[in-house]
Amino acid sequence: MRLTNLLSNEAASYAETPIYLRSNIGTYPAPCYVCRISNVQRSILSIVSLVDYSSSKYKIIPHESVNEKKVNNYKEQLFSEFQLINPILLFYKKYPEFSLFLSTLINNKDPDTTRFIKGTTYEVWSICDLKKLYNIQKYFQKIEYFYVADGHHRIEALTSLKDGGLYPYPQQYLSLILDERDLELTSFNRFIRDATLDSSDLMKKLSNLYKIKKVSPHFLRMQKNIYFYTGNCWYELRIDESFHERDQLFPAIFLDKFFISELESQGMFSFDKFLYLPQTNKVNDIINHCKSYDCKLAISIPKSLLSNLYKITEKGDRLPPHSTCFTPKIPDNLFIQHLKP
């Protein structure tokens, strides 16, 4: 994989100034950044640079499908501004040797930039030494696959602009790349808001297809089971071996299909009626979100495992949008890519 970028050392020297990257058409390996992300819980190292998504497309594996409306919104934004203000998030399977190498790149060196944002510290070092840059490329060549954690819609929008002749530049896009061990994987809970929605009717239809029982909020196990909250009551959906393997591993697949299909049949479906909140095991978080956004139905989905994600995506399958939620994420405007070389 060829990683190319153009650094602004002047920008890197000021904590309040974004770090700018610009596509490099030449073959010279331009510098990369090492970014250390630290909070009270942990500290991780990552690489930030521009990844060539055209020459590396067979090594970069997405796991979610995209929403056309959201893709079009990104296309309009990117075409008008021609810049990315947040990196696409990629990860690879654990690679201790590479992690050790990253630590040697910044050993006993002060960062070029330090930011403290919402309880998290971001320290950034620019890597300009030619030998080190070639070594980074060699490590990336040894990695079989890179997996998209966040940024599916941006990749699709940029690819569409490129295919339509509206983006005649190299497909080198701002990306943050890290080891799978440094990621936290959760799911997104679903919330449906519609004043005319008959949630009791939906639950009745759902119970004709699946095993559902009413449960007390005092006995909920959010990290393991699927729950529905509607009409101030909680219901549990049991998944058994009769489910397709994909549905067992990622319940959002059949749940989204069921609810979208039902709402479409009633002429009530639109994506703005679906809200998403990262998975939580706090009952009050879900109840308060329902009240705040006037939602008629909430769906609590437990998080899955990375091993399950690999099992699905390496077969070429894709999950519905918002099936997974990965952290950490880089805040907007810490790194900015000018899309024009």
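Predicted model: local features only at pLDDT ≥ 70, side-chain atom pairs only at ≥ 80, totals over all residues.
Residues are numbered from 1 along each chain as its sequence is written, and side-chain values use heavy atoms, with hydrogens and water left out.

Back to the helices. α2 is residues 68-81 and α5 is residues 152-163, and they pack at an angle of about 60° with axes 8 Å apart. Axes here are lines fitted to C-alpha atoms over the stretch in contact, and angles run from 0 to 180 degrees between N-to-C directions. Helices are DSSP runs of H or I, at least four residues, and strands are runs of E, at least two, numbered from the N terminus. On the α2 side the contact (heavy atoms within 4.5 Å) includes Tyr74 and Leu78, and on the α5 side Ala157 and Leu161 are among the residues involved.

Next, the cores. A nonpolar core is a set of buried Ala, Val, Leu, Ile, Met, Phe, Trp, Tyr and Cys residues joined through side-chain atoms within 4.5 Å. Buried means under 20% relative accessible area, exposed over 50%, partly exposed in between, with a 1.4 Å probe and protein chains only. The largest core has 69 residues, and Val34, Phe91, Phe98, Phe326 and Phe335 touch the most other members. Strand β3, residues 43-52, gives the most to this core, with six residues. There's also a second, separate core of 22 residues, including Leu197 and Ile226.

Leu197 brings me to Gln266: the two are 69 residues apart in sequence but 9.5 Å apart in space, C-alpha to C-alpha. Gln266 is in the loop between α8 and β16, and it's partly exposed, at 35% relative accessibility. Beyond its neighbours within four places in sequence, Gln266 contacts Asp201, Leu202 and Lys205.

Which two residues does a cis peptide bond join? Thr327 and Pro328, with omega about 15°.
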